[in-house]
Amino acid sequence: MTFRWFLVFSFSIAVAAIDDDLIPSTLDGPFEPVTVPYDVSLRGNAVDLPDTDPRVRRCVEGFEPEQISVSLSVNYDSVWISWITGEFQIGNNIKPLNPNTVASVVRYGRSRVPLTDEASGYSLVYNQLYPFEGLQNYTSGIIHHVRLTGLRHSGYLTLTQFMQSLISRTPIMVIEGNHEIEEQAGKQSFVAYRSRFAFPSEESKSSSPFYYSFNAGGIHFIMLGAYVDYSKSAKQYKWLERDLANVDRSMTPWLVAAWHPPWYNTYTAHYKEAECMRLEMEELLYSYGVDIVFNGHVHAYERSNRVYNYTLDPCGPVHITVGDGGNREKMAIEHADEAANCPEPSSTHDEDMGGFCATNFTSGPAAGKFCWDQQPDYSAFRESSFGHGILEVKNETWALWTWYRNQDSSGKVGDQVYIVRQPELCLGSIKLPKSSFADS
Ligand SMILES: [Fe+2]
């Protein structure tokens, strides 16, 4: 099965000679900060498709399956298949479907005919109840999740007529953002997020859909929750300590972490918003040599130099913000280091994240100030454009990151760098934070 990321980034594995010396590598860094000027001919905001658009209209009848998607499980030989049967309802008199009326079965095989294997899973419906004026209630179709195990990598998984759209072939791994909170009656939140997607939570021993990990393509991926408790005393942090301690770098030399709001963001939008999370978790991730961090939330693109605690550090991760998939909130175009665009500190508080930790810098050229007066040294490249990126792991130490602007043809590159690991320099003596395993 060919795995490619779709939502945020993609990866592929290739063993190839690295001979393109025109592409910079992080060994050439730290790079002088670059800001690509905003192209005002870009519209700068995305528009929701109307529900009459054929691309978002329901195109099946009765209980035919739809919205089929694949997620990875914890390891190479296992995936989750999810799909929906039956129609959702919206209004004031909704009647939830009975999830037991349709079986959750996937038939699969190494060729289209015959389908030799079968797996069963579970099904559910979820409701969004809004006892607020002007809002209607919602109940979903029947959502099915089935885990397939014992898959062979060289084979090709065939799922009868299910494999019709991209995400039925391309595993997507999701992590919650602020828009998934969707608080409803009874203070319930994240209901659609938890119901619609399958997560390798049990398999990665987190037992939570809000943070989990998995292995793919020589990478151990860690997905973290920014909108659930991330403090050192919380379950998530304890799980992260155990997960990091169990990574086998001989099997997965690359360590990639992802969560929603970026720590290293120089746009005015969401500037220093995730400082409390950074203060709790950055030391632990750094101590285990996390190579790359992917974030969203800010609707623009930015790639950092290797950085730790706001200081250039050859062993710090490269932070990449690719929150540029498009959003009607419009593109982020203002930089906190431009005159008049440095936000007032108290305005950077996000109550969904809890706490307030954004303070002035304590060292460096901006010591004593809330913002730099030029693009900070930890910001290597930034551009206000919608786009997407692909991460290609070449071998144990070299990976190629390429970012594309959505408005360009597929061959045109917006930003490209080889990210190079230096395990002999950075993993020689792992120094864990004092709190590590203190009371776990
Ligand atoms: Fe967001």
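**Close-up views of a predicted model**

**View 1. Strands β3 (residues 66-72) and β4 (residues 79-85) pair in the antiparallel sense over five bridges.** Two strands count as paired here if DSSP finds at least two bridges between them. Helices (H or I, at least four residues) and strands (E, at least two) are DSSP runs, numbered from the N terminus. This is a predicted model, in which local features need pLDDT of at least 70, side-chain atom pairs count only at pLDDT 80 or more, and totals for chains, interfaces and linings use all residues. With six residues between them, β3 and β4 form a hairpin. Look for leucine 72, whose bridge partner in β4 is valine 79. Five of the seven residues of β3 are buried; a residue is buried if 20 or more other C-beta atoms lie within 10 Å of its own, exposed if 12 or fewer, and partly exposed in between, with C-beta atoms placed from the backbone.

**View 2. Glutamine 67 and asparagine 309 have positive phi values.** As a reminder, most residues other than glycine have a negative phi, and most peptide bonds are trans. Glutamine 67, found in strand β3, has a phi near 50°. Glutamine 67 counts as partly exposed because it has 16 C-beta neighbours inside 10 Å. Asparagine 309 sits in the loop between β17 (307-308) and β18 (311-312), and its phi is about 50°. Asparagine 309 is partly exposed too, with 13 other C-beta atoms within 10 Å.

**View 3. A cis peptide bond runs from glycine 29 to proline 30.** Its omega is near 0°. You will find proline 30 in the loop between β1 (9-13) and β2 (34-36).

**View 4. The side chains of strand β6 (residues 105-108) alternate between two faces.** The antiparallel neighbour of β6 is strand β7 (residues 117-120), joined to it by four bridges. Within this pair, valine 105 has serine 120 of β7 as its bridge partner.

**View 5. Three strands make an open sheet in the order β5-β10-β9, with antiparallel pairing.** β5 (89-91) and β9 (127-128) stand at the edges with a single partner strand each, so one side of each has no neighbour in the sheet. Three bridges link β5 to β10 (residues 137-139), and glutamine 89 is the bridge partner of threonine 139 in β10.

**View 6. Isoleucine 142 belongs to strand β11 (residues 142-148).** Isoleucine 142 is buried because 23 other C-beta atoms lie within 10 Å. Leaving aside neighbours within four places in sequence, its contacts include Ile84, Leu97, Pro99, Val102 and Val125; two residues are in contact if their C-beta atoms, placed from the backbone, lie within 7 Å. The C-alpha atom of tyrosine 126, 16 residues apart from isoleucine 142 along the chain, is separated from that of isoleucine 142 by 8.4 Å.

**View 7. The largest nonpolar core has 84 residues.** Such a core is a set of buried Ala, Val, Leu, Ile, Met, Phe, Trp, Tyr and Cys residues joined through C-beta atoms within 7 Å. Those with the most contacts inside the core are Ile81, Phe221, Met223, Val256, Ala257 and Ala258. Not counting residues up to four places away in sequence, alanine 257 touches Ile222, Leu224, Leu285, Val290 and Val293.

How values were computed: Residues numbered from 1 in each chain as written.
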